[in-house]
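Have the coordinates open as you read.

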Amino acid sequence: MTESVLLVEDSRAVRDFVTSILEQHGAYEVVEVENGFDALRALPRGDYAVVVTDVNMPDVSGIELTRFIRQSPKHAKVPILVISTDAMHPDVDRAMKAGATAFLAKPFTADEFLATLAKIRTTPQDDA
Amino acid sequence: MSGESGRPSSEFLSEAQEVVESFSRSLLELDAQQRRGDYDPDLLNAAFRAIHSLKGLSSLFGASAISELSHALESTLDGLRLGKLPLSPAALDLLFESVEAFQRMLATIGHGETPPRSTLLARIDALASETVEDDSSLPLEGLDDSILGVLTEYEEHRLRENLRLGRRLFRVHASFDLLAIDKGIETLKSKMKAFGEVITYLPSADASSEDRIDLDILIGSDASLTQIVEGMDGEAGTSVTEITLSRRSPEPAAAAAPARAADPVAAKAVEARPTAPVPESPTEPAVEPAPGDLTLRSVSQTVRVELSRLDHLMNLIGELGVVQANLESTLDVLRAQAGTADVARELRGHLRSMDRKLSLLQQGILDVRMVPLGQVFDKLARVVRKLGREAEKEIRLQISGSDTELDKLIVEELSDPLMHMIRNCIDHGIEPPLERKNLGKPMAGRIDLRAFQKGNRVVIEVEDDGRGMDWREIRQAAVRKGLVADAASRELGMPEVVDFIFAPGFTTRDSATEVSGRGVGMDVVKTNISRLSGMIDVDTTLGRGTKFSITLPVTLAIIQALVIQTAGRTYCIPLNSVLESIMVQHREITTVEGHEVISLRGKTLPLLYLDRIFDLDHQGATRDLDRLYVVIVGLAQHRIGLVVDELLGQQDVVIKPLGHALRAVPGIAGATEIAGGRTVLLLDVSTLVEEVVTRPEKTPTPAPRKELVFRGR
């Protein structure tokens, strides 16, 4: 059975890249959105197994989105994978504090991405 | 990633290009606002985000050179947006230089990447190293941790900056219908922008229903609570709260708002009055998807299509047009027969509605190909900035009509000629500041770049207020270069003389400076414009400036053609090149140096007989000498008259490539089908004009003025 992944990322090419990884893997169905507002809209209408989000987005950032997800009853426990270019940026830290499950720095390979995803999917308590 | 995808994909390239363009737009706007005084901090943040995206994008796709440069720029821009670095002219220059560097890299990608120049990187690093840590950060005690905890570093900086400026802090609570959130936010944003800065949007999960979402919007403003509430103008479901920090900035403005240590947040709250009662369950939009279904899969609103696919659709539409014309002829046959009147009437009705739909379809496809000229204008603005600096001339560039749209192909092709014209303006046109001052002109030179639609053409004007061109000097140069005989040149009027600047290799200065681009001149510009079926005109006043006007067709794929007949054969002439058609009598034609000409509004117009050019036999039919049609065509600065027997009307035609046999025939651009299923040839106006311009002893002298009998169409 396929599971839904919500992918929040403003770069079209990065979205295409992540989606192709997930689709080739086969077990995931991807809902792509390009900003925080669209993510807010997508959340109540889906049942997501994982949320993958960029940090640096206008208006509603990945940090704000993470906090929102943690507060909403429906997806409070969903694993959130934050992807960003700059591992050292304070905003990544803030996203983790707001409740993100794991962080993956760009650039990453398909294998790295899938491995991280598998890890946060199966043993979320180890990563929390 | 690079290992998997091999080389950067076209998706990467197109997105990277867009990101660099948006970066450049932010910089141009910043530059302009900076000159006027103060700039919108949002612009710096937008520039940072563009480079941040580019860095992520390029690293993921293995474009290491771009990744390296964006990495270096990112920290500089981060420092700039966080106020740790001042936005100096030098910093802006460096950013503009980076735009050029990115564009070079994008252009050469896949052909062996060129790493960013180490000097550029070193200068960027040097700038970034000047970053000063902001140690004067104000304490934000009293601010709800639910807010502070989720701000990005930049948002926190803006929050502090607003407090430092003595602004008040407001929290607007608003509820939005999830499906219409974009519109709701947009409205709210524009209302709030008038009052101050929107620092962030904080979504909160405790919305009343699944279809709605609550947002807390943090705003810094000089306005009072009442002003903000009034400014919200009864926006449904909003409430405004002023946030008072326990310790505010030491600015005097802060003293006006009494701090309340006991109740740090929510000093007073005023509910905005909704104009209409908010319904518990909002009215359902017509297209609401069932919960859980996957209509959200593609929220992105655009599709990228290759031009060749659109060309294909365009061809099909053209062919449909031919089918339709054939149906029309069938209808004529039907009407001529007895007993089919009812069927004919019905068929005519259907055909008419098909005609309407077909033209809508055609227009739709054409619209898809349209892009705004702003894409090129932005590039030119950067060039002006750079060249002005190099030439040590201050240039004010005024751009209007950026949103004028043209076919994508035409916009691409325009960039080089326009660039060259701008270079000429700066290099030759605009005087050095001191010279301008002595002339009583403003020190800063002015270049106007305008675009506007004129009928189904687009006009682009490049005008400067520089020294203009001395037409006597041009005439002398033309004689020196053997373009015209000395005696004959004296007969020429100013417009004809000025046209010599478009002649190959023509330049009035002996050495082109670095800026003007050696060896290439207006002849190249002319060739480029002609290739786009465009025309170029020049208007100059010595001491006052020069204006170039380029007139272009809106699109190249489907063209309107004038169908003509000569010696019993039918041809099409692209209507883009047709200026007018007139009827003349044979006696109005005079001969100058062995070539036939007529005089049109005081200008000499050389004639070209199509039947002679194509060696057509009139098969005994004699020409009606009192009724000759002359189709006046223009290309670049040239105008000639084509003599034909009949004008059959206008039609939209799709150009089809020629077979081998005809490809070598000069004067023929392609073939096309017209009504009746006949294939006819489309004339190549540029070679026909060339034919006239280059014929021996071409020097025209004014012919005696004659009355024109008829001016048609």
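In chain B, 72% of the contacts with a separation of 6 or more are between residues 24 or more positions apart; two residues are in contact if their C-beta atoms, placed from the backbone, lie within 7 Å. Keep in mind that this is a predicted model, where local features need pLDDT of at least 70, side-chain atom pairs count only at pLDDT 80 or more, and totals for chains, interfaces and linings use all residues. Residues are numbered from 1 along each chain as its sequence is written, while chains are lettered from A and ligands numbered from 1 in the order in which they are written.

Chain B has 23 helices and 24 strands, taken as DSSP runs numbered from the N terminus (helices H or I, at least four residues; strands E, at least two). Of its 713 residues, 35% count as buried, meaning 20 or more other C-beta atoms lie within 10 Å of the residue's own.

**A strand with two partners**

| Partner of S10(B) | Bridges and sense | Residues standing opposite |
|---|---|---|
| S9(B), residues 445-454 | 8 bridges, antiparallel | Lys454(B) and Arg457(B) |
| S12(B), residues 545-553 | 8 bridges, antiparallel | Thr551(B) and Val459(B) |

**A helix crossing**

Helices H2 (residues 10-36) and H14 (residues 374-390) of chain B have axes that come within 10 Å and cross at roughly 55 degrees. That angle makes H2(B) oblique to H14(B), the class left over once under 35 degrees (roughly parallel), over 145 (roughly antiparallel) and 65 to 115 (roughly perpendicular) are taken out. On the H2(B) side, Glu21(B), Ser24(B), Arg25(B) and Leu28(B) meet Asp378(B), Ala381(B) and Arg382(B) of H14(B). By class, that's 2 nonpolar, 1 polar and 4 charged residues, where Ala, Val, Leu, Ile, Met, Phe, Trp, Tyr, Cys and Pro are nonpolar, Asp, Glu, Lys and Arg charged, and the others, Gly among them, polar.

**Where the chains meet**

Across the interface, 39 residues of chain A are in contact with 35 residues of chain B. On chain A's side, at least two residues each come from helix H1 (12-25), strand S2 (28-33), helix H2 (36-42), helix H3 (62-71) and helix H4 (90-97). That side of chain A has 17 nonpolar, 8 polar and 14 charged residues.

Key. Pairing = 2+ DSSP bridges. Axes fitted to C-alpha atoms, helices over the stretch in contact; angles between N-to-C directions. Buried ≥ 20, exposed ≤ 12 C-beta atoms within 10 Å, placed from the backbone.
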